[in-house]
Amino acid sequence: MQFMCLIYSDPAEAPKPGTEEFGPFMQGYQTFTEIVKKDGKMAHADALQGIETATCVSVRGGKTEVIDGPFAETKEHLGGYYLLECADLDEATQYAAQIPTAKHGRIEVRPVVVWES
């Protein structure tokens, strides 16, 4: 079963590039990625560019609207994700707890609906 681990954090709380904490933080991501690959759990993972690069699209009354910025203004930002192949939610949350951002942010774990074609 696939689970999407969405990585949220408050940029004010996250380790900043150039600081003493940033190197070990990024090493934690490399280590976690190696673990889920070795365990055969990783389907895919990527980071997202900052929310300042976001664009939202909606269609209302047949008219397409395009606006700059994220969908919602929140303190915590979606920064990336891991798509994991796990036996169940318990296993997925055990892996999610190992994602480095879990120490200062939140990891939202959601089952993925896989449409068969």
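**Close-up views of a predicted model**

**View 1. Lining of the largest pocket.** By residue class, 18 nonpolar, nine polar and three charged residues line the largest pocket. The model shown here and in the other views is predicted. The volume of the largest pocket is about 600 Å³. Its lining comprises 30 residues, and Ser9, Phe25, Ala47, Leu48 and Gly79 are the closest to the pocket centre. Two or more lining residues come from each of strand 1 (2-9), helix 1 (22-38), strand 2 (42-47) and strand 5 (77-85). Strand 5 gives the largest share, six residues.

**View 2. Aromatic pair within helix 1.** Four aromatic pairs are found in a search of the whole structure. In one of them, Phe25 and Tyr29, the ring centres are 5.4 Å apart and the planes stand at 85°; the angle is over 60 degrees, so the pair is classed as edge-to-face. Phe25 and Tyr29 are four residues apart in helix 1, which means a separation of about one helical turn. Phe25 has a relative accessibility of 15% and counts as buried. Tyr29 is also buried, at 15% relative accessibility.

**View 3. Aromatic pair between helix 1 and strand 5.** The ring centres of Tyr29 and Tyr82 lie 6.5 Å apart with the planes at 5°; because this angle is under 30 degrees, the pair counts as stacked. The pair joins distant parts of the chain, with Tyr29 in helix 1 and Tyr82 in strand 5, 53 residues apart. Tyr29 and Tyr82 are both buried. Through ring pairs, Phe22, Phe25, Tyr29, Phe32 and Tyr82 form a cluster.

**View 4. Surroundings of Thr33.** Thr33 is a residue of helix 1. Its relative accessible area is 19%, under the 20% limit, so Thr33 counts as buried. Leaving aside residues up to four places away in sequence, Thr33 touches Met42 and Tyr82.

**View 5. The largest nonpolar core.** This core has 16 residues, and Cys5, Tyr82, Leu84, Ile99, Ile107 and Val109 have the most contacts inside it. Strand 1, helix 1, strand 5, helix 2 (89-96) and strand 6 (106-111) supply at least two core residues each. The largest share, four residues, is that of helix 1. When residues up to four places away in sequence are not counted, Ile107 touches Cys5, Leu6, Ile7, Ala96, Ile99, Thr101 and Ala102.

Terms used: Residues numbered from 1 in each chain as written. Predicted model: local features only at pLDDT ≥ 70, side-chain atom pairs only at ≥ 80, totals over all residues. Heavy atoms only, no water. 1 Å grid on protein atoms, 1.4 Å probe; cavity = no way out; pocket = protein on both sides within 12 Å on 5 of 7 lines; lining within 4 Å. Points joined across faces, edges and corners; volume = space filled by probe spheres on them. Nonpolar A, V, L, I, M, F, W, Y, C, P; charged D, E, K, R; others polar. Buried < 20%, exposed > 50% of the residue type's maximum accessible area, 1.4 Å probe, protein only. Contact = heavy atoms within 4.5 Å. Core = buried A, V, L, I, M, F, W, Y, C linked by side-chain atoms within 4.5 Å. Phe/Tyr/Trp six-rings, centres within 6.5 Å; stacked < 30°, edge-to-face > 60°.
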